[in-house]
Amino acid sequence: MDSLKKQLKANTYLNEIEVKDDILYYINNIVNAVMIGTSQTENWVLIDTGLPNSADKIMSVAHRRFGKNNPPAAIILTHGHFDHVGGVVDLINAWNIPVYAHPKEFDYLTGKTAYQSVFKEHKNMIFNQEPINIKCVLKELPENGVVPFLKGWKWIHVPGHSPGHIALYREKDKILIAGDAFVSMSLDAFYNTQKKTNSSVYMPPAYFSSDRENLKASLEKLMQVNPEKAIMGHGEHLSGKKLRVGLQTLLKSLDE
Ligand SMILES: [Zn+2]
Ligand SMILES: [Zn+2]
């Protein structure tokens, strides 16, 4: 009976994966949002905000993990694509907190510019949305690489997938939050834009125009960091050899 109860409990939250005591990612359909911190730490921070209309789901995960009256100190965006900023407007309305991003991403977050879709107009409305405008709460990530409210973390500029794309890294346990710098889920069926590889690591879905040279340079930059564990924007987290070999295979495939 006890084990059945346990199983049922685990199944209820199958879309929440705790990779460290203080790091959990919530799988919002096809995209991950990461929560860093615990109910015991002074602050916690939310990285990315899922697909449109996902704020309620993110909040219910947060309430359970951190308590009802314990909003994050800030939201940090790896980049501004629709599948990472979907919940952000509702969340800042509910929580009244700042949002940090790289300044090169600001035009897309202040209503100025829309990302350029690789699809022809009207082919897929979801990719041709108006940019969001969160100017009133938007803040630049500090130039020195320090991550607000997160001790021991650094942010790394990894452009390519988008101009101001960032990853987050904690040296202590060599954990990387990669955003869409690379992913571990083939979204080919979903977006029909991805090149197939036989690796556990994939290039990010190319539904918006991306810069291939920068993508590759950013991948190399992240490999030099030599992460032991990585949480990506899409797909399951990867560790150890699977992560290392996956990254090497992907990098090699880019030269072919
Ligand atoms: Zn993206
Ligand atoms: Zn994405």
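The model is predicted, so local features need pLDDT of at least 70 and side-chain atom pairs count only at pLDDT 80 or more, while totals for chains, interfaces and linings use all residues. Residues are numbered from 1 along each chain as its sequence is written, chains are lettered from A and ligands numbered from 1 in the order in which they are written, and side-chain values use heavy atoms, with hydrogens and water left out.

**The zinc sites**

Select the zinc ion (ligand 1) together with His79, His81, His161 and Asp180. The protein donors are His79 (NE2), His81 (ND1), His161 (NE2) and Asp180 (OD), at 2.1 to 2.4 Å from the zinc ion (ligand 1). Donors here are N, O and S atoms within 2.8 Å of the metal (3.2 Å for Na, K and Ca); water is not among the atoms, so sites may look incomplete. Along the chain, the donors of this ion are spaced H-x1-H-x79-H-x18-D. The angles among the 4 donor atoms run from 87 to 176 degrees, and the site is irregular. Four donors count as tetrahedral if all angles lie between 85 and 135 degrees; four count as square planar and six as octahedral if opposite donors are over 155 degrees apart and all others between 65 and 115; anything else is irregular.

Next, keep Asp180 selected, for it coordinates both the zinc ion (ligand 1) and the zinc ion (ligand 2), which are 3.3 Å apart.

Now select helix 2 (residues 55-66) and helix 3 (residues 88-95), whose axes lie 9 Å apart at an angle of about 50 degrees. Helices (H or I, at least four residues) are DSSP runs, numbered from the N terminus. Axes are lines fitted to C-alpha atoms, for helices over the stretch in contact, with angles from 0 to 180 degrees between N-to-C directions. In this contact (heavy atoms within 4.5 Å), Ala55, Ile58, Met59 and Ala62 of helix 2 meet Asp90, Leu91, Ala94 and Trp95 of helix 3.

Finally, select helix 6 (residues 212-225) and helix 7 (residues 240-255), which pack at about 150 degrees with axes 11 Å apart. Helix 6 and helix 7 are therefore roughly antiparallel, a term for angles over 145 degrees. Among the contact residues are Leu219 and Met223 of helix 6 and Leu247 and Leu251 of helix 7.

Note on methods: Helix = DSSP H or I, 4+ residues; strand = E, 2+ residues; numbered from the N terminus. Parallel < 35°, antiparallel > 145°, perpendicular 65-115°, else oblique.
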